[in-house]
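Please open the model in your viewer and keep the selection panel at hand.

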Amino acid sequence: MERRVVSVWLPRLATDRLCRTRPAWRSAKLITANSGTTRQVMAANGPAQTHGLRPGMPLAQAMALAPDAVVAPHDPDTDRRLLDVLAERCGLYSPWTATEGACGLWLDVAGCGHLFGGETDLLDQLSGKLKSLGLTNRAALAPTPGAAWAWARFGDPAAPILEEMDQLAPLPLAALRLSPRMVGDLAALGLRRIGELLDLPRPQVSLRFGRDVLWRLDQALGVEPEPISSIRPVAPHRVHMAFVEPMSRVEDIAEALRRLLAELCNRLIQDGLGARRLDFTLFRVDGTLCRVEIGTGAPSHDPGHLFRLFRDRLADIRPGFGIEAVRLDAVATQAQTAEQSDLDGPAGGGDLPHLLDSLSNRLGPRRLMRLLPHPSHIPERCVRRRPPGAPTTVGEWPAGRYPIRLLAHPDPIDAMAPIPDAPPLRFRWQGRLHQVVRADGPERIAPEWWHEDAEERDYYRVEDTQGLRFWLYRQGHYGQPEPPRWYLHGVFP
């Protein structure tokens, strides 16, 4: 399939963002300026540019030309976050979207045009939606990202689709995404158009101006590949639904989710897959979006079970001015094998997997887990936390040696031992003195051989006068330059 790339240019993103929060500024001469000793104009809206204010101009000069101009602080981080949201919102037009620079978007729309009545209608809907959000934009479509970028900024606005690469010839050299300095060097030699550069011998151009000029030219023409990473991984299975009128009732959102789940599960069943993680994205009318995520411990294509996992979280959705479209992505899938059912009902543990999924999504994906043994003598390494549905590993639990309550991190204590390798007579933990009456040890535990910087530990099981039993260890040996250190690692019942 031929590559079809859309480049969206948002030349006034910074000022348009400010005008979205303060509509009164749309008619004012609005500019943004950086902070510091040398303040410059970073962005200007339409009325400001009409009065001669341009980005890069010193702020003092701009205020001399337009004393009534409104100056707002430049906030590139907020502009970047808005651009990321817009890139995700463009997922309604293509599953593959990305940001470009500080004011641009990429969309790979190969195979998507027929869903909107053609590529021309797709561009019209995309540009119209951005315009309804108060964002000045130009969109163009071409076979390569470089050509789409050039046509969006320097091409004919009346013909947003680049049909032939020969149409790039009259465009200025800045359309090749060259640095201003390089454009100036080429202009000094009389080269101002892409067509003039095409007529020159390639070896002389490369020798005189370096590799970047020909590299950018080949990218625009499609000779040199230009891969671009999507802002989010493209889900292998995706379904979406758009509405004629925005909706805001939770019941309507739930019904839309049911229909999407039924359609998605049918596709998964045909492919012999089950969902492990689903993303439900809701697109608001004001350009923002909301996302709800669920996960399962085992692959599932049961729409009823998956809807129950979403149901408890639908009440937290804030529709704002209304939801105009929704999308459901199967972000992670897994092959689902058929199970032999018993005579008295289905096999596989009954409702336990469903219960585990409900608890995991309600409490959090990392709050519900199972502990499995791990072959290591170091106490804090002999246990591994795994998801509830993880298979049981081969291994045995250490019996009788370790306490039930093991501290997450060994706690330093002050201990006194009569002779080396003997258990302590007394120790102080958390400001309280414990007198030892019974003790057992030492039990030396050494780290794995590949942990060269780890020290050996000598563990003791001790009991104080009140019957409390502790698990202590000494790290280091007496007679060394540094004295040994004592720690409390666990408490016996």
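Select Arg-367 to begin: in this predicted model, Arg-367 sits in the loop that connects helix H13 (352-363) with strand E12 (370-373). Is Arg-367 buried or exposed? Its relative accessible area is 67%, so Arg-367 is exposed, the cut-off being over 50%.

Next, display H13 together with helix H12 (residues 303-314). The two helices pack with their axes 10 Å apart and at an angle of about 25 degrees. As angles under 35 degrees count as roughly parallel, H12 and H13 are therefore described as roughly parallel to each other. Their crossing is right-handed. To view the contact, show the side chains of His-305, Arg-308, Leu-309, Asp-312 and Arg-313 on H12, and of His-354, Asp-357, Ser-358, Asn-361 and Arg-362 on H13. By class, this contact comprises five charged, four polar and one nonpolar residues.

Now turn to the sheet. Four strands form an open sheet in the order E8-E11-E9-E10, with antiparallel pairing. On average, neighbouring strands are turned by 15 degrees against each other, direction ignored.

Within the sheet, select E9 (residues 273-284) and E10, which run antiparallel and are joined by eight bridges. Here Ala-275 stands opposite Ser-300 of E10.

Finally, select helix H11 (residues 250-270), which lies across E8, E9 and strand E11 (323-335) and runs at about 155 degrees to E8.

Methods:
Residues numbered from 1 in each chain as written. Predicted model: local features only at pLDDT ≥ 70, side-chain atom pairs only at ≥ 80, totals over all residues. Heavy atoms only, no water. Pairing = 2+ DSSP bridges. Axes fitted to C-alpha atoms, helices over the stretch in contact; angles between N-to-C directions. Contact = heavy atoms within 4.5 Å. Buried < 20%, exposed > 50% of the residue type's maximum accessible area, 1.4 Å probe, protein only. Parallel < 35°, antiparallel > 145°, perpendicular 65-115°, else oblique. Left-handed = near helix turned anticlockwise from the far one by under 90°. Nonpolar A, V, L, I, M, F, W, Y, C, P; charged D, E, K, R; others polar.
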